[in-house]
Amino acid sequence: MSHPAAAHIVLLCSRLDLPGGIEKAVITVANQLAAHNNRVTLLLLDETAETFYPVNEGVHLVQYALHFGITRRGNMLTRKIKFLSDIRKLKRILQQLAPTHIIASEYPFAVAAELAGGSKLAKLYSWEHHHFHELGKSRFWERMVQHSYPKMQGIICLNPDEQKLYSPLNKNTLVIPNSIAPNPLRIRRDLRILTVARLTAVKGIDSLLEIAGQVLQANHAWTWTVIGDGELKPMVQSFIQKHNLEKQFELRTPQSPDLQKAYASASLYVMTSVNECFPMTLLEAQAAGLPCIAFDCETGPRHIITKETGILVHPGNTEAMNRAIQQLIDDPSLREKMGTAAIEHSRQFEPESILQQWSNKIIR
């Protein structure tokens with residue numbers, strides 16, 4: 001499969017040096033598009049050009065420290081001045097790059113790109129990775145979104161529920177989910193529950209600790225590994241010490257982009273997020289053959305987990321989550337059945353299939 005060599009796709013994004021799902025999705029798409037006869041530029045509008053996930057040689061990486069007035073420094077007047085000056089800078093940058101397509105991965109960049117003339121210069125899309133209601137906007141930014149989004153070529157969402165929420169802003173709102181490559185590792189399953197998440201409130205870390213305490217107390221042969229970092233790390237460390245769970249609850253900071261061994265050696269994946277959009281970690285867990293349990297938040301997990309591949313629990317119901325986890329702990333055959341179904345289900349999100357959607361819907 002190939003695309004016209006004339007296409008020059010510029011992906012606008014913020015810092016990519018963190019081990020998150022958005023960072024992985026942006027770099028994955030950039031690498032895939034570049035590998036299929038497209039010219040691709042990653043335009044990082046932040047303080048660093050470092051990336052956590054590897055960027056292929058075929059991707060041109062450009063970095064400028066622009067924040068469009070989103071800062072705690074200064075006052076309202078200086079922030080508005082910075083907003084206007086950064087838009088002028090972005091206009092010059094985009095004119096120099098001369099893209100055919102501009103894909104902005106966060107709403108401030110999408111707004112700024114439109115105000116900088118991006119929709120006249122190229123096909124401009126906003127690529128929405130967050131749940132519609134997750135990111136609070138000031139009245140100023142809400143007005144800017146209402147003004148700019150209808151003028152874009154379209155909005156790219158990750159699932160049909162988000163599409164319904166965003167479609168009033170732009171009639172050409174479409175769905176392209178994230179992709180996941182198969183996990184080739186097939187090693188011995190340990191009696192381990194796995195969670196990969198930023199240690200922040202939106203990931204439901206407080207609920208996770210409550211659930212883990214009860215599950216591990218009732219199942220001494222099992223362990224729970226959490227891979228992540230964030231502002232709630234001290235809370236997690238304190239929980240481990242307070243409940244003497246050093247032998248059962250492991251907290252690991254992400255050191256490598258490759259977590260295939262962690263997925264392949266676990267028996268069960270648990271997500272306790274309050275909000276999600278299309279979580280990469282659930283895709284990764286399914287590709288590794290893990291049954292998944294998650295809170296059925298407004299959008300996200302329900303588009304990945306089916307009744308054959310895992311269990312969706314009413315949001316915030318920690319007792320129901322405990323019961324679901326215990327059900328799979330007690331039934332190895334059910335875990336195996338769901339894990340096998342999860343691998344098959346994940347095939348629809350394999351890179352070539354999702355890249356074809358980018359080709360048909362965007363790069364055409």
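Me: Which residues line the largest cavity?
Reply: The lining is made up of Ala25, Thr28, Val29, Pro177, Asn178, Ser179, Met280, Ile354 and Trp358. Lining residues have an atom within 4 Å of a cavity point, and a cavity is a set of points on a 1 Å grid over the protein atoms alone where a 1.4 Å probe fits but cannot get out. This is a predicted model, where local features need pLDDT of at least 70, side-chain atom pairs count only at pLDDT 80 or more, and totals for chains, interfaces and linings use all residues. Residues are numbered from 1 along each chain as its sequence is written, and side-chain values use heavy atoms, leaving out hydrogens and water.

Me: What is the volume of the largest cavity?
Reply: About 50 Å³, taken as the space filled by probe spheres set on the points, with grid points joined across faces, edges and corners.

Me: Why is serine 148 called buried?
Reply: Buried means under 20% relative accessible area (1.4 Å probe, protein chains only). Serine 148 has 0% relative accessibility, so it counts as buried. Leaving aside neighbours within four places in sequence, serine 148 touches Val111, Glu114 and Leu115, where contact means heavy atoms within 4.5 Å.

Definitions and conventions. Buried < 20%, exposed > 50% of the residue type's maximum accessible area, 1.4 Å probe, protein only. 1 Å grid on protein atoms, 1.4 Å probe; cavity = no way out; pocket = protein on both sides within 12 Å on 5 of 7 lines; lining within 4 Å.
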